[in-house]
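Good morning, and thank you for the time on the agenda.

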Amino acid sequence: MSTIRASSLIAFATLLLASTALGRKPKESKATADYFPLRVGDSWTYRNTEEGGYTRKVLSEEPQEGGPVRYVLEVRSGVIIQNVFSKAGDWVLFHAESYPEHEGLKATYEPPKQYLPNPLVAGQKWEWTGKDPTQVEHHESSRVVGFENVTVPAGKFRAIKVVSEVSGGSSPITRTNWYVDGVGLVKSTTQGGQIKYGSELTDYSFKKKPAK
């Protein structure tokens, strides 16, 4: 009897554990934050703080043999600028900048410029030295400051602030960008000497419509 009773207890305990395991919901893996989304067809519209504005649109993706996919991001304002980016490891890499309307006006970064850590984490710092399309050498020193609540025409966001000190041009400038996970750049300011301008996100193509 004792043997039968022990076997019954073991079977009951096994059944109980199995039922408990089946009743548990599997843990959802947390998606990695993306502060610089690059999906073909996505676009963003910005207004300048002075006048006018510009748009950004991911035109295409270009698979690379033995390397990460490269994306062509076009900026349209008074001129057309085409930038080439990729994502490798924890970085957004900047490969090239060109002006299709102006033959020969192009900069290729080799090795690619470490443009932005992704995901962004408060306290991160990085530097870069190189030449722009006009062959002027610049030095950039950037840091991730932390989160701030910002309001722009496209909405209210909890954004992370990135400050870059840029030297090498006519005068040093400070560029400050605010990025939002899943949205990208929502606000930007540039100032130094007589230079002072900025832009704010007004709309983006993948913006979720409010529920009715």
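**Hairpins and a strand**

In this predicted model, the hairpin formed by E2 and E3 has 2 residues between its strands, and Gly 66 there takes a positive phi near 75 degrees. The two strands run antiparallel, with 8 bridges joining E2 to E3, the latter covering residues 67-76.

Ser 43 has Lys 57 as its bridge partner in E2. This hairpin has 4 residues between the strands, and Gly 52 adopts a positive phi near 75 degrees.

I turn now to strand E11, which spans residues 184-192 and contains Thr 190. Is Thr 190 buried or exposed? Its relative accessible area is 4%, and because buried means under 20%, Thr 190 is buried. Leaving aside residues up to four places away in sequence, Thr 190 touches Ile 173, Thr 174 and Arg 175, as well as Ile 195, Lys 196 and Tyr 197.

Ser 188 also lies in strand E11. With a relative accessibility of 12%, Ser 188 counts as buried too. Which side chain does the side chain of Ser 188 meet in a polar contact? The partner is the side chain of Asn 177, at 2.7 Å. Asn 177 is also among the residues that Ser 188 touches beyond four places in sequence, and the others are Thr 176, Trp 178, Tyr 197, Gly 198 and Ser 199.

How values were computed: Residues are numbered from 1 along each chain as its sequence is written. This is a predicted model: local features need pLDDT of at least 70, side-chain atom pairs count only at pLDDT 80 or more; totals for chains, interfaces and linings use all residues. Side-chain values use heavy atoms; hydrogens and water are left out. Buried means under 20% relative accessible area, exposed over 50%, partly exposed in between (1.4 Å probe, protein chains only). Contact means heavy atoms within 4.5 Å. A polar contact is a pair of N or O atoms within 3.5 Å; within protein, one must be able to donate a hydrogen and the other to accept it, and residues adjacent in sequence count only if both atoms are side-chain atoms. Two strands pair if DSSP finds at least two bridges between them.
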